[in-house]
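Thanks for sending this one over. Here are my notes, with the model shown first.

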Amino acid sequence: MHVNRTLLSIVLVVFALVVQVSVLARLQLPGAVPDLLLMVVLGLAFVYGHVSGALIGFGAGLLADLAPPADHAAGRYALVLCVIGYLAGLARPENGQLKSAFLPMAVVVAAAIGSTLLYAGVGALVGDTAARHVGLGSLLFTAAVYDLLLAPFTVPLIMAAARRTVNDPLTESSSGRGDVAAGWLAAGTGLRIGSQRGGLRVKAARNRAARAGRIKGVKRL
């Protein structure tokens, strides 16, 4: 990743981790805890793609594994967020334009459920049966609900900030990668910057040709 993308990712991950540990984890909500760190990974993966999403997810998960009061084996959540970041990057639309918020919200729900299942599965392999005592069904339901409520207030802002670190958004939009954040926030305005600029160039060329023809006609007279 570029330096500006790396710096933004570090700032967002650290900020989300601090809020996650100091605020969200102390809300005493029933079931799961709203996962702001997951929202950061999803938002960045939607813009940067699957490779960067996997790297950001691994780094964010590793910090969460090492940050107190973590009570599980280091690397467990890093594996979970690495997989989630990779898959979320693959779900990014090819044309970069979203007609509605259905796709990103569906990815958020799938990521909330998938991360909970994967975390519980890895825990079962290493002998951690805490999910069984709490109730896996309750964890899945509350994780999906909490993250679904949190996503509209966080993921679009993260995507908009990530788009500012892209060097040439016009070039990426014309090459088919596009502005995913704009598609979610504006819900598909239908703007086509590349085609508009091409149309203006063609119109200007036609005007110059017509003007040259008129000048030649005057000279002949």
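1. Residues are numbered from 1 along each chain as its sequence is written, and side-chain values use heavy atoms, leaving out hydrogens and water.

2. The chain has a mean pLDDT (the predictor's confidence in each residue, from 0 to 100) of 76, with 65% of residues at 70 or more. Confidence is highest in helix H2 (residues 36–48), at a mean of 92, and lowest in helix H8 (residues 169–174), at 40. Helices here are DSSP runs (H or I, at least four residues), numbered from the N terminus.

3. Where pLDDT is low, the predicted coordinates should not be read in detail.

4. Helix H5 (residues 102–125) packs against helix H7 (residues 136–163) at about 145 degrees, their axes 9 Å apart. Axes are lines fitted to C-alpha atoms over the stretch in contact, and angles run from 0 to 180 degrees between N-to-C directions.

5. The largest nonpolar core has 39 residues; such a core is a set of buried (under 20% relative accessible area, 1.4 Å probe, protein chains only) Ala, Val, Leu, Ile, Met, Phe, Trp, Tyr and Cys residues joined through side-chain atoms within 4.5 Å. H2 gives the most to this core, twelve residues. Leu 37, Met 39, Leu 42 and Leu 44 touch the most other members.

Key: This is a predicted model: local features need pLDDT of at least 70, side-chain atom pairs count only at pLDDT 80 or more; totals for chains, interfaces and linings use all residues. Helices (H or I, at least four residues) and strands (E, at least two) are DSSP runs, numbered from the N terminus. Buried means under 20% relative accessible area, exposed over 50%, partly exposed in between (1.4 Å probe, protein chains only).
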